[in-house]
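Please take a moment with the sequence and the model shown below, and then follow the description that comes after.

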Amino acid sequence: MTEIPVDRIRVGPRFRRELGDLGELKRSIEAVGLLHPVVVDPAGNLLAGARRLAACVELGWTQIPATIVDADALLVEAHENIVRQDFLPSEAVAIADAVEARDRGRPASACWPADPALNQRRVKRASA
């Protein structure tokens, strides 16, 4: 991963036509930083991360973390947007409850599902 100037990134035709409201993404980036770099090819063509790039530009960033890969643009865009697993609604509620509990001074683990195997893995990851 490297940082590159945002004005060096070329955004060509994309299948995702609508970036949607970037407000929540910008608030997230301001709160915790850019968790996933954009992906560009060696020529600076954007392969993945159009929403992240647009949000960072709107935030006034002049440089952005980027992963540079020599890969098929069509496949990268497909995998970036199809091969993923969003939270189930119940998982989204559970993590929101855990954040709220943590912010109120209770351990987030108090909100984890009752599955001991899941909780054990989370504890190990959190303490690593």
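This is a predicted model: local features need pLDDT of at least 70, side-chain atom pairs count only at pLDDT 80 or more; totals for chains, interfaces and linings use all residues.

A place to begin is the interior. In soluble globular proteins, nonpolar side chains tend to be buried together. In this model the largest nonpolar core has 17 residues, and those with the most contacts inside it are Ile 9, Val 38, Val 40, Leu 46, Leu 53 and Ile 64. Two or more residues of this core come from each of the helices α1 (23-32) and α2 (50-58) and the strands β2 (38-40) and β4 (63-68), and among these elements α2 gives the most, with five residues. Val 38 shows how such parts of the chain meet: once its neighbours within four places in sequence are left aside, Val 38 is in contact with residues that include Ile 9, Leu 46, Leu 53 and Ile 64, and also with Arg 52.

Ala 50, Arg 52, Leu 53, Ala 54, Ala 55 and Cys 56 are the buried residues of α2, and what covers them includes α1, β2, β3 (46-48), β4 and α3. After the helix comes Gly 60, whose phi is positive, near 90°.

Is Arg 52, a charged residue, buried or exposed? Arg 52, which is found in helix α2, has a relative accessible area of 16% and counts as buried because this value is under the 20% limit. Not counting residues up to four places away in sequence, Arg 52 touches Leu 25, Ile 29, Leu 34, His 36, Pro 37, Val 38, Ile 64 and Glu 80. A polar atom of the Arg 52 side chain lies 3.4 Å from the backbone oxygen of Pro 37.

Helices α1, α2 and α3 (73-82) each supply at least two residues of the lining, with α1 giving the most, seven residues. By class, the lining is made up of ten nonpolar, six polar and ten charged residues.

Two loop residues complete the tour. Asn 45 lies in the loop between β2 and β3, and with a relative accessible area of 26% Asn 45 is partly exposed, because this value falls between the 20% and 50% limits. Leaving aside its neighbours within four places in sequence, Asn 45 is in contact with Arg 10, Val 39 and Val 40, and a polar contact of 3.4 Å joins the side chains of Asn 45 and Arg 10. Asn 45 and Gly 12 are 33 residues apart in sequence, while their C-alpha atoms are 7.2 Å apart in space.

Asp 70 is found in the loop between β4 and α3, and its relative accessibility of 74% is over 50%, so Asp 70 counts as exposed. The C-alpha atoms of Asp 70 and Ala 43 are separated by 9.3 Å, and these two residues are 27 residues apart along the chain.

Key. Residues are numbered from 1 along each chain as its sequence is written. Side-chain values use heavy atoms; hydrogens and water are left out. A nonpolar core is a set of buried Ala, Val, Leu, Ile, Met, Phe, Trp, Tyr and Cys residues joined through side-chain atoms within 4.5 Å. Buried means under 20% relative accessible area, exposed over 50%, partly exposed in between (1.4 Å probe, protein chains only). Helices (H or I, at least four residues) and strands (E, at least two) are DSSP runs, numbered from the N terminus. Contact means heavy atoms within 4.5 Å. Ala, Val, Leu, Ile, Met, Phe, Trp, Tyr, Cys and Pro count as nonpolar, Asp, Glu, Lys and Arg as charged, and the others, Gly among them, as polar. A polar contact is a pair of N or O atoms within 3.5 Å; within protein, one must be able to donate a hydrogen and the other to accept it, and residues adjacent in sequence count only if both atoms are side-chain atoms.
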